[in-house]
Amino acid sequence: MHLTDEQKDEIEAARERSAPTRRATVPALEALLYQPIAVLDHGFIRVIDYMGDDAAVVQAARVSYGSGTRRVSEDAGLIRYLMRHRHTTPFEMCEIKFHVKLPIFVARQWIRHRTANVNEYSARYSILDREFYVPAPEHLAAQSADNRQGRGAVLAAAEAAAVLELLAADAVRCHEHYVAMLNEGPDGAPLDPERQGLARELARMNLTLNTYTQWYWKIDLHNLLHFLSLRTDAHAQYEIRVYAEAMLQTVRAWVPATFAAFRDYRLDAVTFSAPMLAVLRRLLAGEAVAQPESGLGRREWAEMMAALGRDP
Ligand SMILES: Cc1cc2nc3c(=O)[nH]c(=O)nc-3n(C[C@H](O)[C@H](O)[C@H](O)COP(=O)(O)OP(=O)(O)OC[C@H]3O[C@@H](n4cnc5c(N)ncnc54)[C@H](O)[C@@H]3O)c2cc1C
């Protein structure tokens, strides 16, 4: 992650400011506020602002005139109840705003989450930086043989080196052509005074998908947890998963009781279908059940055995 001296100064200045307020603040999140948390080779997330805390969830659930909180254990119990029974609207009372720097191909997956407010860096208005995501060699894997959306074994060293060379060379070449088409130097002056230069909104189509973009992304806690449950999952692509995992750490700092309930009832929990439950009941009764007569397909059977920690 590279930040210019000017950007570092701006972050420092923001961190030095403070204001008295009657609103709820969370010291653990205040400590993280504005600080970039590095993700991938040039990306980051940083918390820009937030509203509410665990107590705000409780307060809304009790539709209270005051803080609405009781003993810590009672409040945590209520939050766990809400999470367990998918009584989700109290979690929508908290909001958080992130600044995210991410490769364009990750942004394409991310933008599918429609319940956030997004404002992206405009490549019609500004020139995109010469920064590309190039995976670490241990993340360069072959196509998975059994999962069309996944990765298999890591590439051998020679093939990985060749892939890295192609990725870097293509990204640099496309960016060089982008700048050439714009005909604009870093100071904004034309590179060639004889040429008009192509509009930014057109020249950008030449950039590779690993070019970094940036956005401000604001979402309420309920929808953030939905995003995190999908994108921290092992089925999500590594490059978006690492962003979700970094955000999960900010959620832990911000709303620790909600985080614990989310971990227990969503992240680390397993849902069994009705046929799975029937199999579970037979297994608990001491019956030997095999996949062909279980009523489950091979894949569902394997998933259930994995959840139970048994051989398929
Ligand atoms: C591992 C993985 C693989 C994926 N693979 C693909 C793929 O191959 N191709 C592809 O196109 N996408 C793919 N996706 C994207 C996925 O289908 C969803 O678009 C994405 O995860 C956003 O989920 P969401 O709609 O629940 O979230 P949000 O957009 O945040 O919506 C949250 C919830 O709000 C409700 N909602 C929001 N908008 C509407 C609406 N207009 N109508 C009805 N209900 C609405 C729904 O209940 C929804 O669950 C993949 C996602 C994951 C995690």
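Which residues in helix 3 meet which residues in helix 4? Keep that in mind as we walk through this predicted model, starting with the sheet and ending at the helix pair.

Strands of a sheet pair through backbone hydrogen bonds, either parallel or antiparallel. Here, five strands form an open sheet in the order 1-2-3-7-4, and the pairing is antiparallel. Strand 1 (37–39) and strand 4 (117–120) are the edge strands; each has a single partner strand, so one side of each has no neighbour in the sheet. From one strand to the next, the twist averages 25 degrees.

Ala38, for instance, has Phe44 in strand 2 as its bridge partner.

Two helices lie across the sheet strands. Helix 8 (residues 221–231) lies across strand 3 (95–103) and strand 7 (212–220), at about 130 degrees to strand 7. Helix 9 (residues 238–254) lies across strand 1, strand 2, strand 3 and strand 7, and runs at about 30 degrees to strand 2.

That brings us back to the opening question. Helix 3 (residues 54–61) packs against helix 4 (residues 72–84) with an angle of about 70 degrees and an axis separation of 10 Å. Angles of 65 to 115 degrees count as roughly perpendicular, and helix 3 and helix 4 are therefore roughly perpendicular to each other. On the helix 3 side, the contact is made by Asp54, Val57, Val58 and Ala61, which meet Asp75, Leu78, Ile79 and Leu82 of helix 4. Six of these contact residues are nonpolar, two are charged and none is polar.

Conventions. Residues are numbered from 1 along each chain as its sequence is written. This is a predicted model: local features need pLDDT of at least 70, side-chain atom pairs count only at pLDDT 80 or more; totals for chains, interfaces and linings use all residues. Side-chain values use heavy atoms; hydrogens and water are left out. Two strands pair if DSSP finds at least two bridges between them. Helices (H or I, at least four residues) and strands (E, at least two) are DSSP runs, numbered from the N terminus. Axes are lines fitted to C-alpha atoms, for helices over the stretch in contact, and angles run from 0 to 180 degrees between N-to-C directions. Contact means heavy atoms within 4.5 Å. Angles under 35 degrees count as roughly parallel, over 145 as roughly antiparallel, 65 to 115 as roughly perpendicular and the rest as oblique. Ala, Val, Leu, Ile, Met, Phe, Trp, Tyr, Cys and Pro count as nonpolar, Asp, Glu, Lys and Arg as charged, and the others, Gly among them, as polar.
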